Amino acid sequence: MKEISVTELKELIDKGENFQLIDVREPGEFQAANLGGELIPLATVPQNVAKFSKDKMVVVHCRSGKRSGDAIRFLETNFGYTNLYNLKGGILAYKAEIDPSLNP
């Protein structure tokens, strides 16, 4: 599974790169703190496969990286995705390294 660091994600955001950011946490977690991505909770990924782009880089994240990894494995195994990146350490790492004001 491909991974991206929080520093690399921040660079993509700052440069205005064309990529998709998907958060697979639950709605309450998303409301408490988010990175501006689209919310698709892990349990709903099978019903929302079409929302994951195949035409550009897709960064998937959760709190620590486990749920996003599960989502990526599911999509790669069952739907042949090759453009998915797991945010290493999830939003917790983003808080620790980039934005301490987040309260995930």
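Start with Lys 10 and Asp 14, which form a salt bridge whose closest N and O atoms are 2.8 Å apart. (A salt bridge is a side-chain nitrogen of Lys or Arg within 4 Å of a carboxyl oxygen of Asp or Glu.) This is a predicted model, in which local features need pLDDT of at least 70 and side-chain atom pairs count only at pLDDT 80 or more, while totals for chains, interfaces and linings use all residues. Residues are numbered from 1 along each chain as its sequence is written, and side-chain values use heavy atoms, leaving out hydrogens and water.

Stay on this pair. Both residues lie in helix 1, four residues apart, about one turn of the helix. (Helices, H or I of at least four residues, and strands, E of at least two, are DSSP runs numbered from the N terminus.) Lys 10 is partly exposed at 28% relative accessible area. Asp 14 is exposed at 54%. (Buried means under 20% relative accessible area, exposed over 50%, partly exposed in between, with a 1.4 Å probe and protein chains only.)

**Next, select helix 1 (residues 6–15) and helix 4 (residues 90–97).** They pack at an angle of about 80°, with axes 9 Å apart. (Axes are lines fitted to C-alpha atoms, for helices over the stretch in contact; angles run from 0 to 180 degrees between N-to-C directions.) The two helices are therefore roughly perpendicular. (That label covers 65 to 115 degrees; under 35 is roughly parallel, over 145 roughly antiparallel, the rest oblique.)

Which residues of helix 1 meet helix 4? They are Val 6, Thr 7, Leu 9, Lys 10 and Ile 13, and they meet Gly 90, Ala 93, Tyr 94 and Glu 97. (Contact means heavy atoms within 4.5 Å.)

Select Asp 70. Its side chain meets Lys 66 in a salt bridge, 3.0 Å from N to O. Asp 70 also bridges to Arg 73, at 2.8 Å. Shared partners join Lys 66, Asp 70 and Arg 73 into one network. Asp 70 is partly exposed at 26%, Lys 66 is exposed at 56%, and Arg 73 is partly exposed at 41%. The structure holds five salt bridges.

**Last stop: Asn 86 in strand 5 (residues 84–87).** Is Asn 86 buried or exposed? Asn 86 is buried, at 4% relative accessibility. Select Ile 4 too: Asn 86 and Ile 4 are 82 residues apart in sequence, yet 6.1 Å apart in space, C-alpha to C-alpha. Not counting residues up to four places away in sequence, Asn 86 touches several others, including Met 1, Val 60 and Ile 72.
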